[in-house]
Amino acid sequence: MPMLLIKGFYDVRGSQPDGDTVHFTAEDPAEWGLVGGGLGRAVEHSVLGRAKLRLDAVDALETHYGANRVHQPLEFAHAARDELLSWLGFTEVQRRPDETVTATTPATVPGFVLTRGSDVHGRCIALAGRGTAPGASGLEIDVDPTVLRTTVNHHLVTAGLVYPTFYRSLFAGLRVEMAAAVKKARDAGEGLWPSDVTTTGAKITGLASLTDDVVLLPKLFRRLVDYLALTMPLTCFPAFLAGARDRFSILSTGERCVGLHRVVETTNGQTVRMTRPPEDLLFEDA
């Protein structure tokens, strides 16, 4: 399970980190050009090597989605963000009201990333680690579940503060380990899981339901926010999902699907729920 290792440090000043995105500066900026073997989308970065990471396999509740900066219940959105920064090694974080970080203690913390590619926004899709790297920077290392357990991705799942969201580029062995950690956290009632209504049903009476009350899979939240902007009845939401054409497989059955309407149902014109747990879905890479 080879992944490219890049050494560097985390520096979040001037950014708005959330529970699954954070800035990282490579010791050697040229190493960003090695991501994905130099093929496909490039990682956007500054001259000094600063880039944005998107944590692989996890999805935290939104703190500022879209042009209108819509958020999910902030108790859990902020808990994931704060745990991410604390785990990395930041002991004090100061912010402006818009959540931009103005100062941290310490100013930077050393770490490393393990990656195989980037997303459509130029962010590096990564497993993120702290401290001493488990290999040489700029080279590939074998990433197994033991290495995965040293990353913040695994830690956040174990703490129950993020949802699993798997893409096909994630190795099966790592996905199985993450899914097991999800089940353990859910069964133990960790973090957001006691409040989660993704599969039990979310009553949607308007945008405020999503921002203040409902704790559910962020991918479904984003689709609901986009749909509610159309001011159409919730009964038409499945048709909207069909048009969005998310491509994924259901791991337990092997079925390949196009459109989340295949695993989302609406009842009574107000309630939305997924018929499969998040860890049972494997999305195609965008």
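Guide: Start with Val101, which touches Val12, Arg13, Gly14, Ser15, Pro17, Val93, Gln94 and Arg95, leaving aside residues up to four places away in sequence. Touching, or contact, means heavy atoms within 4.5 Å. This is a predicted model, where local features need pLDDT of at least 70, side-chain atom pairs count only at pLDDT 80 or more, and totals for chains, interfaces and linings use all residues. Residues are numbered from 1 along each chain as its sequence is written, and side-chain values use heavy atoms, with hydrogens and water left out.

Visitor: Why is Val101 called buried?

Guide: Buried means under 20% relative accessible area, exposed over 50%, and partly exposed in between (1.4 Å probe, protein chains only). Val101 has a relative accessible area of 2%, so Val101 is buried. Val101 lies in strand β6 (residues 101-105); strands (E, at least two residues) and helices (H or I, at least four) are DSSP runs, numbered from the N terminus.

Visitor: What makes α6 largely enclosed by the rest of the structure?

Guide: Of the 11 residues of α6, 9 are buried, so the helix counts as largely enclosed. Among the buried ones are Pro218, Leu220, Phe221 and Tyr227.

Visitor: Why is α6 called roughly perpendicular to α7?

Guide: The axes of α6 (residues 218-228) and α7 (residues 237-244) cross at roughly 110° and come within 11 Å. Axes are lines fitted to C-alpha atoms, for helices over the stretch in contact, and angles run from 0 to 180 degrees between N-to-C directions. Angles under 35 degrees count as roughly parallel, over 145 as roughly antiparallel, 65 to 115 as roughly perpendicular and the rest as oblique. That makes α6 roughly perpendicular to α7.

Visitor: Which residues make the contact between α6 and α7?

Guide: Leu220, Arg223, Leu224, Asp226 and Tyr227 come from α6, and Phe237, Phe240, Leu241 and Ala244 from α7.

Visitor: How do you know which residues belong to domain 1 and domain 2?

Guide: The bounds come from an automatic or database domain assignment. Domain 1 covers 2-188 and domain 2 covers 196-283. Their C-alpha centres lie 25 Å apart, and 20 residues of domain 1 are in contact with 26 residues of domain 2.

Visitor: What makes a nonpolar core, and how many residues has the largest?

Guide: A nonpolar core is a set of buried Ala, Val, Leu, Ile, Met, Phe, Trp, Tyr and Cys residues joined through side-chain atoms within 4.5 Å. The largest has 86 residues, and Tyr10, Trp32 and Leu53 have the most contacts inside it. This core draws at least three residues from each of domain 1 and domain 2.
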